[in-house]
Amino acid sequence: MANYQAGKDLKRPLQRLLQVLNLERKEIGAIYFYAILAGLLQLAVPLGVQAIINFVLAGRISTSIIVLIILVVISVFFTGLLQVNQMKIIEKIQQRIFTRYSFEFAWRIPRLDLKKIDQYYLPEFVNRFFDTVNLEKSLSRLLLDIPAALIQVLFGLILLSLYANVFIIFSLLVILILFVIIRVTYARGLSTSLDESEYKYEVAGWLEEIARVLKSFQFSRGSSLPMDKTDALVTKYLHARTSHFRILLMQYWTLIGFKILVTAGMLIVGAVLLVGNEINVGQFAAAEIVILLVLASVEKLIRSLDKIYDILTSVEKLGKVIDKPLESEGTLRPDSSANGLSVTVNDLHFSYNDQTSILQQLSFNVKQGEKICIKGGDGSGKSTLLKLLTGAYADFGGSILINDIPIGNYNPALLRAETGILFHQQDIFQGTLYENISLGDTSVTTSQITTLATQLGVSDFISSLKNGFDTQIDAAGKRLSSAVIRKVLLLRALVSHPKLLLLEEPWFGFDADCREKVQQYLLQKIPGTTVIVISNDDVYARRCNRVLYMQDGRIVKEEQPTVNR
Ligand SMILES: Nc1ncnc2c1ncn2[C@@H]1O[C@H](COP(=O)(O)OP(=O)(O)OP(=O)(O)O)[C@@H](O)[C@H]1O
């Protein structure tokens, strides 16, 4: 479990926040400009009151008072108008934050370096996106309250200092106390806020996990595990939250003490100055109003600390996803003139976690248009090898060449556009059947898909769907049979006629007729395409150009069956 006590961890959220604010610097500048104007206008109230009192005391009740009252009221109106303008800017900033993070996530997730994110369950990890909403809300409070409060404190203190020198000491005291409160509580407040958020995501992640494996728990007849684990996680969350709340309480108590001290101090000072005739009654009343304004602003600043913790926590959580490294990208495009792509693997080594070696000393060569079958027992490394051929993992030893060029030199998007990939772990997503097959490639037509589906013997399921290609498929294909899901995945892999096919038992779960058609398609209908299939199906293996046998991450045997397709 993360513990954010370390100093360097606490600096990072601040840097992230500054980056976010930097993107909005123009708007924030405008907010401060409005806040300064509003701050000045707000001083019109105490100054107006002072003037009115002086007029009254001098027995000069005249039209000047009416003019003054009108001026004060107008200033209140303009202050409101400025605040509305601030709100408009903040709304724009909020919309931009949501949009920016949405696109940032959507752009980054498909490009993540698979090896670096191997230990995360991504759907849970992406929950951190919800922190955009926290960020928006807290930032708006912060941008509205903090500039207004800071400017009010500043102008208020300047005005007070003009009344009497003793108020200068008061001003410095206010600034010092504010600084001390923030300095003393910041680190602890932020670290407890980060801990609280971490446990919140753990609880959410666990609830999602219960929902994901709903059937397992439902069929286990009264397993107490969902409740027990929830209890443990919620307890941790509550502890973290209580620690954070303690910091907030401490800040509020300090504030209350501070307010009592200042109120008493100022009344006494004001009264002494009044009695000593150093200020008049009007000035005394105005000074007290300013003091109240300053106190209200100081209170706002202290209360905003909570929001600052929320913001810093949000940017840190969002940053956790955004920081994840992306795949390294080359620039080359695979040769589009050739029908198939050749694959050369030399002395390939690979491990997922730098401890256990999964693939070792692998060397083989696949010519353009060759049909290869990879056989081997459970855990022998077949899928890992295929994943490496897709370019999904970059840090391997040895070399992988596609058309005699190192795989890392290709642009992954362009390479994968020429590669048809089908793994057992792939999934279908919420969208139409057409979207699930074409993956957004609009050059893929429905008649192309239908022709291919007929060739593969899998067209029945398309015609059985009431809305055909427009049928909405649920997330993870919830209401579809596993065979239909695999048919969709197979069509997706083959429909753009890629030059290299990397397939994990593509007929898995199909009936004998379909299986035969798929095998015939791969072996006979696309002669130029290079096809590498993981399968322990002997019938298929015998019909391939070559069979590679894997064991413990090595190729232990290579066979060239007598071709009988
Ligand atoms: N993401 C991963 N992180 C760590 N180890 C992994 C990961 N994926 C696979 N392995 C390990 O790598 C080894 C090879 O797995 P791989 O899936 O490549 O074998 P396989 O021959 O395809 O097996 P199967 O036919 O059972 O899928 C196994 O020991 C497996 O536990």
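**Notes on the sheets, cores and ligand shell**

1. Starting with the open sheet: four strands sit in the order E2-E1-E4-E5, and their pairing is antiparallel. Strand E2 (359-366) and strand E5 (405-406) are the edges, each pairing on one side only. Strands here (E, at least two residues) and helices (H or I, at least four) are DSSP runs numbered from the N terminus, and two strands pair if DSSP finds at least two bridges between them.

2. Before going on, the ground rules. This is a predicted model, where local features need pLDDT of at least 70 and side-chain atom pairs count only at pLDDT 80 or more, while totals for chains, interfaces and linings use all residues. Residues are numbered from 1 along each chain as its sequence is written.

3. Helix H11 lies across E1, E2 and E4, at about 120 degrees to E1. Contact means C-beta atoms, placed from the backbone, within 7 Å; axes are lines fitted to C-alpha atoms, for helices over the stretch in contact, with angles from 0 to 180 degrees between N-to-C directions.

4. H11 (residues 382-389) also matters for the ligand listing, as it supplies three residues, the largest share of the shell. The whole set is Asp118, Tyr352, Asn353, Ile358, Gly376, Asp378, Gly379, Ser380, Gly381, Lys382, Ser383 and Thr384.

5. Now strand E3 (residues 371-376): six of its six residues are buried, so the strand is largely enclosed by the rest of the structure. Buried means 20 or more other C-beta atoms within 10 Å of the residue's own, exposed means 12 or fewer, and partly exposed is in between, with C-beta atoms placed from the backbone. Lys371, Cys373 and Lys375 cover one side of E3, and Ile372, Ile374 and Gly376 the other. E3 pairs in the parallel sense with strand E11 (residues 546-551) over five bridges, where lysine 375 has tyrosine 549 as its bridge partner.

6. E3 also pairs in the parallel sense with strand E10 (residues 530-534), over four bridges. There, isoleucine 372 stands opposite isoleucine 532 and cysteine 373 opposite valine 533. Strand E9 (residues 500-504) pairs with E10 in the parallel sense too, over five bridges, with leucine 502 opposite isoleucine 532. Five of the five E10 residues are buried, so E10 is largely enclosed as well.

7. Isoleucine 532 turns up again in the core: of the 60 residues in the largest nonpolar core, Leu491 and Ile532 touch the most other members. Helix H16 (residues 482-494) gives this core its largest share, eight residues. A second, separate core has 45 residues, including Leu143 and Met266. A core is a set of buried Ala, Val, Leu, Ile, Met, Phe, Trp, Tyr and Cys residues joined through C-beta atoms within 7 Å.

8. For contrast, alanine 413 in helix H12 (residues 412-417) counts as exposed, with 12 C-beta neighbours inside 10 Å.

Terms used:
A residue is near a molecule or strand if its C-beta atom, placed from the backbone, lies within 6 Å of it. Two residues are in contact if their C-beta atoms, placed from the backbone, lie within 7 Å.
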